[in-house]
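Here are some notes for a colleague who is opening this structure for the first time. Please read them with the sequence and the model side by side.

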Number of protein chains: 2
Amino acid sequence: MSIYERLRPIFYPESIALVGITVANPTHWTRSFLDALARFEFQGPLYLVNLRGGEIEGRKVYRSLTEIPGCVEYVISLVAASAAPSLMKECAAKGVKIVHFCTSGFGETGEEEGIGLEAEIAKLARETGIRVIGPNGMGIYSPEARLSFNPRFPKESGFVGFISQSGGNSRRLVLESVWRGVRFSKVISFGNACDLNETDFLEYLTEDPKTRIIVLYLEGVKEGNRFLSALKRATREKTVILLKGGVTQGGAQATLGHTGSLAGNETTWDALCRQYGVIRVTSLEEITDVLVTLLFFPLPKGRNAILLGAGGGSSVEITDKFEKYGLRVPSLPQDIIDRLRSFTPAAGNILRNPIDYGQNIMEIEKLIETVNILTGYRGSDFLVTFFGAALAVYQGNNTSTEISEKLHQATVKGSSKPIAVVLAHDNLPNMAALIFPAVEKISATGAAVYYSFESAAKSIDLVLKHYHM
Amino acid sequence: MSIYERLRPIFYPESIALVGITVANPTHWTRSFLDALARFEFQGPLYLVNLRGGEIEGRKVYRSLTEIPGCVEYVISLVAASAAPSLMKECAAKGVKIVHFCTSGFGETGEEEGIGLEAEIAKLARETGIRVIGPNGMGIYSPEARLSFNPRFPKESGFVGFISQSGGNSRRLVLESVWRGVRFSKVISFGNACDLNETDFLEYLTEDPKTRIIVLYLEGVKEGNRFLSALKRATREKTVILLKGGVTQGGAQATLGHTGSLAGNETTWDALCRQYGVIRVTSLEEITDVLVTLLFFPLPKGRNAILLGAGGGSSVEITDKFEKYGLRVPSLPQDIIDRLRSFTPAAGNILRNPIDYGQNIMEIEKLIETVNILTGYRGSDFLVTFFGAALAVYQGNNTSTEISEKLHQATVKGSSKPIAVVLAHDNLPNMAALIFPAVEKISATGAAVYYSFESAAKSIDLVLKHYHM
């Protein structure tokens with residue numbers, strides 16, 4: 001049986017029991033798993049287990065696994081670390097196939113007791129054949145199976161698979177990316193990996209037809225050689241993005257604390273990524289930027305950017321950032337400038353590249369024509385717009401989100417080349433209140449939207465490099 | 001007469017006329033100058049001038065400068081570029097000392113007409129002795145004189161002077177920095193600098209006793225040698241921060257469009273900054289970060305950081321970022337760990353450096369004791385907290401702002417060393433809604449607060465380097 005078939009119940013379980021869920025306190029963190037499964041309308045039997053019994057939102061709470069009448073395929077364990085080994089034995093007796101240990105207090109503490117408990121559940125996993133996810137991880141998000149560890153994740157599936165050692169990072173990446181239009185096939189927060197580890201999940205996602213892009217957040221690797229073969233194969237079949245945590249000496253020490261794994265050498269990772277064609281990023285935010293670029297920014301023919309927006313200082317800044325990442329901002333030939341100037345007043349509209357279109361952008365027909373002329377220019381490969389600064393100014397009777405959408409639609413209408421959109425909030429709370437809804441709306445139309453010049457430039461560069469451009 | 005005395009009326013004008021303010025449309029941009037001066041309660045006579053006359057909010061609108069009965073020292077010109085030369089002549093006749101031309105359509109267009117108009121007003125400035133600010137700039141913010149070009153700037157003064165070629169950047173930097181507790185002595189948005197230029201303002205701020213830190217946003221420099229002498233003197237007497245726009249070839253071309261100035265060579269600027277001890281930054285956001293560090297982060301004795309916060313992934317990330325910038329995250333000795341462990345449960349609290357205090361932070365007395373033990377450790381020079389991820393989790397009946405304040409107060413209470421606070425919103429709109437008010441409140445207590453691990457690490461490194469540490 002291939003790993004794809006063997007691990008299938010992890011991503012498509014038929015029945016679930018939440019063991020250790022709190023009965024008394026509805027705001028306790030253990031409740032979020034129930035909230036998530038309820039909101040996702042998990043279709044199989046869903047059992048709740050707590051020693052005290054009782055009821056939660058009209059659902060019976062069983063006092064033990066054995067008390068449950070039907071089969072239980074998948075257990076999400078919310079019990080304290082010290083109770084983990086006896087739960088494993090109970091699971092074995094019940095015929096459970098998978099146990100996800102969410103709680104901490106195991107090997108990541110670096111202390112004898114926790115290390116011992118983790119070794120014990122690993123041993124029981126080998127003896128009983130039960131597969132274990134975690135401990136100290138958030139588990140599985142598999143929207144197609146209506147399985148989620150977070151009630152706020154979207155129900156729709158996408159093409160991105162994410163394997164994350166850190167639970168916090170798995171949550172953050174999904175929420176950040178979803179806002180910008182990305183959807184996921186499977187997300188795995190695997191924590192200490194006492195049984196199933198990064199390589200198992202990498203092999204699974206490589207074979208999973210629902211996954212086209214694989215994202216890895218790793219702090220260390222358990223089985224070096226097996227991981228390398230798996231990574232090599234993954235990069236042949238899918239696009240792979242890697243964020244390696246614990247790259248510095250102290251960072252590596254921190255990973256020891258976090259998930260009890262060993263970090264590799266920085267130079268090794270760098271060489272590896274170049275050799276296999278892995279897109280290497282340095283922050284979670286960059287993962288989202290690269291995903292947005294891969295999914296929503298059609299590959300341009302080259303590195304020549306036309307920059308169209310508002311604000312003199314912004315024009316200088318965006319040009320500096322784009323050229324810093326090896327993108328080019330070519331001068332416009334005189335005939336293009338003349339064509340633009342024929343319907344564009346001089347004051348407040350600087351007709352070079354970057355084009356500072358401060359005064360004219362709200363004349364939509366002219367904007368369409370401008371974009372048409374600019375993207376028709378054979379020396380340009382793609383267009384980047386930065387109209388953020390104009391939003392507050394031109395608001396009038398519209399909301400800023402309406403203006404942003406209008407400007408973006410006009411740009412799309414006029415453009416014959418790929419478009420990237422930068423909407424910067426500059427950490428100004430009132431700008432953020434305008435920008436976030438605009439980012440969500442425009443992203444939902446399938447556009448590549450970024451929060452800063454730097455992030456747009458860096459991720460476009462990474463993707464162009466990935467395709468040897 | 002020293003430049004300090006000569007330029008005094010620019011920052012402390014006794015009377016102002018707004019020429020070219022729109023009468024009909026209350027939301028027109030020209031009205032923002034009136035809004036600003038009204039909100040700031042400018043104390044001297046304030047006249048409004050528009051060819052058509054009439055009234056704005058109960059104030060008489062004169063048809064011309066000459067119609068005004070009293071003296072006018074300072075004119076803010078909002079008229080079209082083509083009308084600028086005749087206004088200069090009218091100003092000369094009226095005895096005006098300073099004219100700030102706000103409007104664009106001059107040299108920055110790169111076109112004959114605009115270049116000609118700018119040369120004409122420069123010539124008239126030399127002939128009449130009127131000093132000109134701009135054109136194509138926002139002018140002066142001098143809160144002590146109740147003079148502002150933006151109604152949203154704060155009325156209180158501070159110690160930071162900002163000289164900015166770009167109007168948009170002057171607005172952004174003030175708003176971003178003010179949110180984080182910074183206040184300004186003077187801000188100058190000087191645009192094309194056809195008369196008064198960056199060097200004049202640099203000399204003025206160097207002599208201004210109200211200014212302790214000088215920030216420069218420059219795209220180019222008009223008088224190279226004079227500027228170098230002024231910069232050298234400025235760095236001897238004050239702390240100087242420089243953001244140079246137009247560092248790449250294309251960026252330099254963009255500065256040509258923006259303010260018609262010539263950008264220098266990148267290597268020259270770098271060498272210059274090192275030689276004179278200028279703090280060189282690469283973005284506006286970094287200026288704010290460095291200002292916050294200079295003003296609110298007492299200089300630590302060394303580079304050893306204690307990192308205390310919540311979240312395993314975050315712990316790894318902050319360590320990586322801090323070590324990337326040459327800050328050290330030393331291991332804790334066993335006796336410190338033992339003292340912490342005596343009152344800290346193992347599950348969810350990782351007692352290394354970084355300290356992942358996920359489970360315990362809301363026990364305030366324990367937090368104070370933990371901070372006390374950590375900062376009492378002789379191997380540590382300063383403390384960095386990152387409790388952002390915990391806010392959403394521990395909310396309960398408090399608002400997140402209350403929790404942040406409570407955690408911060410406990411940290412301050414327990415700490416014997418300088419503290420930096422990181423509150424990251426990760427571009428998650430609901431986190432931003434929690435984080436922004438917390439940043440404002442904690443900053444208002446005189447604390448150094450940053451939006452990301454990277455920005456905290458980078459600016460602390462820049463400031464330590466500045467002091468040769």
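Which residues in α12(A) meet which residues in α18(A)?

1. Glu317(A), Ile318(A), Lys321(A), Phe322(A) and Lys324(A) in α12(A) meet Phe453(A), Glu454(A) and Ala457(A) in α18(A), where two residues are in contact if their C-beta atoms, placed from the backbone, lie within 7 Å. The residues of this contact divide into four nonpolar, no polar and four charged, with Ala, Val, Leu, Ile, Met, Phe, Trp, Tyr, Cys and Pro counted as nonpolar, Asp, Glu, Lys and Arg as charged, and the others, Gly among them, as polar.

2. A note on the source: this is a predicted model, in which local features need pLDDT of at least 70 and side-chain atom pairs count only at pLDDT 80 or more, while totals for chains, interfaces and linings use all residues. Residues are numbered from 1 along each chain as its sequence is written, and chains are lettered from A and ligands numbered from 1 in the order in which they are written.

3. The axes of helix α12 (residues 312-324) of chain A and helix α18 (residues 453-466) of chain A come within 8 Å and cross at roughly 25°; axes are lines fitted to C-alpha atoms, for helices over the stretch in contact, and angles run from 0 to 180 degrees between N-to-C directions. The angle therefore makes α12(A) roughly parallel to α18(A), a term used for angles under 35 degrees. Helices (H or I, at least four residues) and strands (E, at least two) are DSSP runs, numbered from the N terminus.

4. In chain A, six strands form an open sheet with mixed pairing, in the order β8-β10-β9-β11-β12-β13, where two strands pair if DSSP finds at least two bridges between them. The edge strands, each of which pairs on one side only, are β8 (139-141) and β13 (279-281) of chain A, and the twist averages 15° from one strand to the next. Within this sheet, β11 (residues 213-218) and β12 (residues 239-244) of chain A pair in the parallel sense over six bridges, and Val215(A) stands opposite Ile241(A) in β12(A).

5. Chain B has an open sheet of six strands in the order β8-β10-β9-β11-β12-β13, with mixed pairing. Its strands β11 and β12 run parallel and are joined by six bridges, and the bridge partner of Ile214(B) in β12(B) is Val240(B).

6. Helix α6 (residues 167-179) of chain B lies across β8, β9, β10 and β11 of chain B, running at about 160° to β10(B). Helix α11 (residues 284-296) of chain B lies across β9, β11, β12 and β13 of chain B, at about 165° to β12(B).

Definitions and conventions
Parallel < 35°, antiparallel > 145°, perpendicular 65-115°, else oblique.
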